[in-house]
2 protein chains.
Amino acid sequence: MDAFDIGGIDDVIHGRIRLGIMAYLSSAEVADFNELKALLQATQGNLSVHLRKLEDAAYVEIEKSFLGRKPLTRIRITAAGRKAFSTYLAAMGRLVEQASKGETG
Amino acid sequence: MDAFDIGGIDDVIHGRIRLGIMAYLSSAEVADFNELKALLQATQGNLSVHLRKLEDAAYVEIEKSFLGRKPLTRIRITAAGRKAFSTYLAAMGRLVEQASKGETG
């Protein structure tokens, strides 16, 4: 029953918006708020909530600064975030693989 | 940005419990309520809610009968459910693949 071990799926990452954030940061390393907002077609409030959840889990770090007078918010994946995302991908990869086998079997 | 097209992830399936149900049914075809309940370590109420959501989307059919005096609830994946799960797996597969590339790149 390993294939269906949904307990192995990290809920902090699994949420669709958070999954998009982590997938993007896993390759980009760092992104600014507006970039993520456009990419994920999220509202400002919604994106903020999900970023806070990732920050609470220490999967991302949020740096706030100013560019001239414009506030600049940059989000960076942490080492813990990379590790958690890697574990998540492995769990989903197993599920995809096992379920694909089931489909043909 | 195809890799991060989270719009392609079917929310009806993506929920962790529902994902477990669909993954199991995709290979087992049919399961009874108590079997799923034990497998997913869900409460009766929680499992019922998620099954109803899958039934509303026509991804599963729920058959209620009696075995002697004991109520028996069987859940069967539909053709539409198979198709939706297959689409979901493809979307997740792409994400896993692209994100894995990003990790090593």
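Strand 2 of chain B and strand 3 (residues 70-77) of chain B pair in the antiparallel sense over eight bridges. Two strands count as paired if DSSP finds at least two bridges between them. Strands here are DSSP runs of E with at least two residues, helices are runs of H or I with at least four residues, and both are numbered from the N terminus. This is a predicted model, in which local features need pLDDT of at least 70 and side-chain atom pairs count only at pLDDT 80 or more, while totals for chains, interfaces and linings use all residues. Residues are numbered from 1 along each chain as its sequence is written, and chains are lettered from A and ligands numbered from 1 in the order in which they are written.

One bridge in chain B joins B:S65 to B:L72, which lies in strand 3 of chain B. Helix 2 (residues 16-28) of chain B packs on the sheet and touches strand 1, strand 2 and strand 3 of chain B. Contact requires C-beta atoms, placed from the backbone, to lie within 7 Å. The direction of helix 2 of chain B makes about 120 degrees with that of strand 1 of chain B. Such angles run from 0 to 180 degrees between N-to-C directions, and axes are lines fitted to C-alpha atoms, for helices over the stretch in contact. Helix 3 (residues 33-40) of chain B also packs on the sheet, touching strand 1 and strand 3 of chain B, at about 85 degrees to strand 1 of chain B.

The sheet of chain B is open and has three strands in the order 1-3-2, with antiparallel pairing. Strand 1 (30-32) and strand 2 (60-67) of chain B each have a single partner strand, so one side of each is left without a neighbour in the sheet.

Now to chain A. Its open sheet has three strands, ordered 1-3-2, and the pairing is antiparallel. Strand 1 (30-32) and strand 2 (60-67) of chain A are the edge strands. Between strand 2 and strand 3 (residues 70-77) of chain A there are eight bridges, and A:F66 has A:P71 as its bridge partner. Helix 4 (residues 44-56) of chain A packs on this sheet, touching strand 2 and strand 3 of chain A.

The axes of helix 2 (residues 16-28) and helix 4 of chain A come within 10 Å and cross at roughly 70 degrees. That makes helix 2 of chain A roughly perpendicular to helix 4 of chain A, a term for angles of 65 to 115 degrees. Their contact is made by A:I17, A:R18 and A:I21 of helix 2 and A:N46, A:H50, A:K53 and A:L54 of helix 4 of chain A.

Conventions:
Contact = placed C-beta atoms within 7 Å. Parallel < 35°, antiparallel > 145°, perpendicular 65-115°, else oblique.
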